[in-house]
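Subject: Structure for you to look at

Hi there,

Here is the structure I promised to pass on. Please open it alongside this note, and I will go through what turned up.

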Amino acid sequence: MTDASPRHDWTRAEIEALFALPFPELVFRAASVHRAHFAADEVQLSQLLSVKTGGCAENCGYCSQSSHFKTGLAASKLMAVDDVLAAAKRAKAGGAQRFCMGAAWRDIKERDMPQLTAMISAVKAEGLETCATLGMMTREQAQALKDAGLDYYNHNLDTSPEYYSSVVTTRTYDERLDTLAHVRAVGMSTCCGGIVGMGESRADRAGLLHALATLPEHPDSLPVNALVPIEGTPLGDSAPIDGLEFVRTIAVARIVCPKSMVRLSAGREQMSRELQALCFLAGANSIFIGDRLLTTSNPKLDNDTQLFADLGLKPMAAH
Ligand code: SAM
Ligand code: DTB
Ligand code: SF4
């Protein structure tokens with residue numbers, strides 16, 4: 001039987017062995033670990049808003065917002081606080097517990113800090129959990145965002161250390177790890193995961209989960225995104241990941257980071273209800289709701305409400 005206590009000494013060989021288990025055995029083990037730490041019928045609900053879209057200096061090969069690729073996306077400036085607040089109120093009314101503000105930046109510029117801190121404080125005052133994903137930042141900036149009321153910072157490792165430079169060359173894995181260290185140092189919660197379906201191997205998926213499971217603290221939230229192929233990007237023609245392999249990735253994430261909220265993230269619109277149900281069975285216990293992610297679409301709230309009713313799932317109370 002798989003031990004449900006968190007461990008930080010996972011080896012890659014152990015993680016690869018989990019991936020190689022017979023599918024029913026892997027899902028059974030993940031479902032058992034899930035039940036040791038969570039009510040298996042409860043799902044955490046987050047909602048995204050792109051507060052600054054496009055024109056990004058990084059060259060992430062999956063992203064619609066990189067200025068390196070012609071994706072046809074119009075760039076826009078940082079949104080006004082009132083407009084962000086209005087979107088947060090709509091998200092809360094739709095059932096979101098956590099509101100995540102995303103910006104297409106390589107890193108945070110000091111000149112934007114006053115507007116960011118005002119935005120975070122306003123959303124927090126609405127009674128929502130706050131999350132932001134704004135690129136790299138210094139420890140001082142992390143502290144200022146926390147002081148403004150930021151609960152979570154999303155910063156993904158995206159793939160294995162070895163495959164990383166096949167996807168992005170304008171920053172290093174170590175730079176990602178540095179920002180995550182700043183987030184932990186100021187006592188903020190981390191949201192950190194990756195993307196599958198970028199042409200990586202199963203060994204790379206194991207490598208990503210190994211990197212996450214051997215962090216000094218496991219991510220509080222662990223998003224597993226299925227690549228949404230964007231025309232004009234280097235990964236725009238990628239074939240979709242096999243559904244069963246996606247479920248395996250969720251299941252292994254649940255086992256190696258047993259207390260994390262494992263989020264079934266981007267790519268849900270392209271998945272059948274049955275595939276999503278398998279993901280919940282394999283230990284996913286968080287999703288994005290609302291009909292938009294950052295620049296791409298997400299299932300309509302009515303469809304998710306119906307899915308939850310049909311599966312007997314309910315929203316998790318905010319932490
Ligand atoms: N610019 C910041 C950064 O990269 O950290 C924050 C925003 S960025 C869009 C947040 C995350 O979204 C990325 O790390 C990546 O994991 C995910 N993402 C972006 N484009 C995606 C796509 N086309 N399909 C799946 N996930 C994607
Ligand atoms: C995460 O891991 N996935 C979210 C959130 N963190 C910021 C973003 C998904 C973006 C999907 C592509 C888009 O809509 O642009
Ligand atoms: Fe910029 Fe983030 Fe997109 Fe990379 S993923 S290009 S850093 S917005």
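First, a word on the element names: helices (H or I, at least four residues) and strands (E, at least two) are DSSP runs, numbered from the N terminus. On that basis, Ile-250 is found in helix α9, and the chain as a whole has 11 helices and 10 strands.

Before the details, the ground rules. This is a predicted model, where local features need pLDDT of at least 70 and side-chain atom pairs count only at pLDDT 80 or more, while totals for chains, interfaces and linings use all residues. Residues are numbered from 1 along each chain as its sequence is written, chains are lettered from A and ligands numbered from 1 in the order in which they are written, and side-chain values use heavy atoms, with hydrogens and water left out.

**Overall picture**

The radius of gyration, taken over C-alpha atoms, can be set against a globule rule of 2.2 Å times the number of residues to the power 0.38. For 319 residues a compact globule would come out near 20 Å, and the chain's 18 Å agrees with that. Along the principal axes, the C-alpha atoms fill a box of roughly 50 × 40 × 35 Å.

I call a residue buried under 20% relative accessible area, exposed over 50% and partly exposed in between (1.4 Å probe, protein chains only). Of the 319 residues, 57% are buried. Contact means heavy atoms within 4.5 Å; among contacts with a separation of 6 or more, 77% are between residues 24 or more positions apart.

For the surface, accessible areas come from the Shrake-Rupley method with a 1.4 Å probe, and for residues only the protein chains shown count as cover. The chain exposes about 12,900 Å², with carbon and sulfur atoms supplying 53% of it.

On charges, Lys and Arg count as positive and Asp and Glu as negative, without His or the chain ends. Each charge is placed at NZ of Lys, CZ of Arg, CG of Asp or CD of Glu. There are 31 positive and 37 negative charges, and their mean positions are 2 Å apart.

**Salt bridges**

A salt bridge here is a side-chain nitrogen of Lys or Arg within 4 Å of a carboxyl oxygen of Asp or Glu.

- Arg-7 pairs with Asp-9, with the closest N and O atoms 2.8 Å apart. Arg-7 is partly exposed at 26% relative accessibility, and Asp-9 is exposed at 52%.
- Glu-58 meets Arg-106 at 3.0 Å, N to O. This pair links distant parts of the chain, 48 residues apart: Glu-58 sits in the loop between β1 (42-52) and α3 (81-93), and Arg-106 in the loop between β2 (98-103) and α4 (113-125). Glu-58 is buried at 2%, whereas Arg-106 is partly exposed at 26%.
- Arg-202 pairs with Glu-245, again with a closest N and O distance of 2.8 Å. Arg-202 in helix α8 (residues 202-213) and Glu-245 in helix α9 (residues 243-256) are 43 residues apart, so this pair also links distant parts of the chain. Arg-202 is partly exposed at 33%, while Glu-245 is buried at 9%.

Shared partners also join Glu-58, Arg-106, Arg-171 and Glu-175 into one salt-bridge network.

**Individual residues**

Back to Ile-250: what is its relative accessibility? The value is 0%, so Ile-250 counts as buried. Leaving aside neighbours within four places in sequence, Ile-250 is in contact with Val-224, Val-262, Cys-279, Ala-282, Gly-283 and Ala-284. Ile-250 and Phe-23 are 227 residues apart in sequence and 12 Å apart in space, C-alpha to C-alpha.

Thr-190 belongs to strand β5 (residues 189-191) and is buried, at 5%. Beyond four places in sequence, the contacts of Thr-190 include Tyr-152, Tyr-153, Leu-180 and His-218.

Asp-158 deserves a look in your viewer. Most residues other than glycine have a negative phi. Asp-158, though not a glycine, has a positive phi of about 70 degrees. Asp-158 lies in the loop between β4 (152-154) and α6 (164-167) and is buried at 3%.

Finally, Pro-240 is in the loop between β7 (221-226) and α9, exposed at 75%. Pro-240 and Arg-35 are 205 residues apart in sequence and 30 Å apart in space, C-alpha to C-alpha.
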